[in-house]
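Please consult the sequence and structure shown here alongside the text.

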Amino acid sequence: MTRKAYPLYVSALRRWAYVLIPTAVLGGLVYQRVQAKKADEATEKKEQAGRRGGAAAVEIAIAQARPLINSVQAVGSVVSPYSVGLSPRVAGRITFLEVREGDPVKAGQVLARIDPSEANAKVYENQASVSEARSRLAQAQATVQSNQIQIEQNIRQARAELASAQAAYTQTKTANEGALSDARATVAAARADLTASNALLKNADAQLVAARAQLTNQQTNLKRLQSLLELGYVAAQEVDDAKTAVASARADVEVRLGSVESARAAVSRSQAELNAENTRVNTITASGRAELKVAQARIDQARASLTQAEANRAQTPAYQENINALRSGVDAAEAQLKVARVGQNDTELRSPIAGSVTARSGDPGSLASPSTPVLKVEFLNWLFINATLPLSESGKIVKGLPVEITLDGLKDQIFSGQVDQVVPSADATDRQFLVKIRIENPDRVIRPGMFARVNIEVDRIEAKVVVPNDAVTNGKVMVVDAEGKATQREVKVGRTNRNDVEILSGLNVGEKVVVLSFSQVRDGGKVNITAERLSDGTRRPIEAPKKAPGGRPGVGR
């Protein structure tokens, strides 16, 4: 090999070494991995062979009587129900600002002040304008006051006279109506008497006719008896009796004639009384009309006097308009003063709510403007957690549902809250709807901006027997007795939630059921309990009993 070719040979060897050495190392590692895997498989096969026919390792749960709760989980952020950014309404230099982030404030508390010099000057200027306007108004009112008093006095007097005339008219009318009513009542009574007298007259006439008929009858009977007496057919006594009856009937006719005359006299008297009362009614009516005309004339005169007195008011419209204009000037000046005082108040920043300062962007001496908040105050006594849920859960969430809350930064604590608001509309982008959960914050440990996980309880039943869902397969469970023997048993399941199921029959409280097995569990076979699943879903390991000398199990921890 020549000296010139030797460097090329060395360079080629180096290149091959760079390729072959890593390849050899990688091949060795692969070989070791394959051998280790084969060894593990062999070991596992040996362990499986050793476990065949032995106790299966299982995780169990104990059937309990406890509430079965259906809940909905979500995440959200803590926000304050009231968050206010305070900025001045007028620009100026800050002269007072002592609160800082974290300081508690009360509603109405002055938190900052802007230089009030310009606002105070406007207040003083407008106070002078108000005083001047009030002085001009007082002078104008004094000028017209005396005339106005006289006019109003005349009007009051005319109104009094009109009221008196109206009262007299009413009194006269009432008196006339009363007298006329009495007279008409008397007329009615006289008419009733006349009617009664006519009735008596008719009755007396009827009785007279009856008496005359009786007399004629008795006279006819007497003649018949006298004829019979002459023939000797009747006794003389019968004729005498007939004569007596005729005399009695004649006397009765005379009496009835007297009654008729008396009744006619009564009718005449009643007619005369009725005529007299009718005349009295006419007299009262005519007199009342005359008196009412006089009273009405007095009313008309009083009303005319009132109209004239009220017409005198037209003498002062110009004065009144002037007073109105001056009063408007006073109102305008006072309004300007109120505006100036509002501007004076605008130099103070007051907290509208009770809460805590959460941001500050200014200092005394710096300039403040209406567009930039100087302080931010948030209400912290209670807070909202804004959580979003899919629309599929909207039918379950209603106001008042209890909520279990955990917060990042406070993971060791579980807080309670309740659904306060359910926004009825969903976001059109992600089809999620907003739920506001209220959480009390008396110790102020919860702060806006925290990330929260919420568990909203939508349903709760008091179940008599509850086991994990993993324990039930096709309506059957594996029950482990005190000797570690597993027995398959059929059960009737009820309601269920994400983790647990209600057992209606087939299982009792306190019995152990298999929830997880590391090999097949045979009905009637032995099991080795390695862990217990608790009601909160956590796992409690259980150590196997130690073997005593001679191969027998000892007492485990």
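In this predicted model, 3 bridges join β16 to strand β20 (residues 500-505), and the two strands run antiparallel. Local features need pLDDT of at least 70 and side-chain atom pairs pLDDT 80 or more, whereas totals for chains, interfaces and linings use all residues. Residues are numbered from 1 along each chain as its sequence is written, and side-chain values use heavy atoms, without hydrogens or water.

**Sheet**
- Val467 has Val501 in β20 as its bridge partner.
- β16 belongs to an open sheet of 3 strands in the order β16-β20-β19, with antiparallel pairing (pairing requires at least two DSSP bridges between two strands; strands are DSSP runs of E, at least two residues, numbered from the N terminus).
- The edge strands, β16 (466-468) and β19 (492-496), each pair on one side only.
- From one strand to the next, the twist averages 40° (axes are lines fitted to C-alpha atoms, and angles run from 0 to 180 degrees between N-to-C directions).

**Largest pocket**
- The volume of the largest pocket is about 670 Å³ (a pocket is an open set of points on a 1 Å grid over the protein atoms alone, where a 1.4 Å probe fits, with protein on both sides within 12 Å along at least five of seven lines; grid points are joined across faces, edges and corners, and a volume is the space filled by probe spheres set on the points).
- The largest pocket is lined by 27 residues, and Ile69, Ser71, Asn455, Asn497 and Asn499 lie nearest its centre (lining residues have an atom within 4 Å of a point).
- Two or more lining residues come from each of β2 (67-79), β12 (402-407), β13 (410-426) and β15 (451-462).
- β2 gives the largest share of this lining, 6 residues.
- By class, the lining has 7 nonpolar, 11 polar and 9 charged residues (Ala, Val, Leu, Ile, Met, Phe, Trp, Tyr, Cys and Pro count as nonpolar, Asp, Glu, Lys and Arg as charged, and the others, Gly among them, as polar).

Notes
Helix = DSSP H or I, 4+ residues; strand = E, 2+ residues; numbered from the N terminus.
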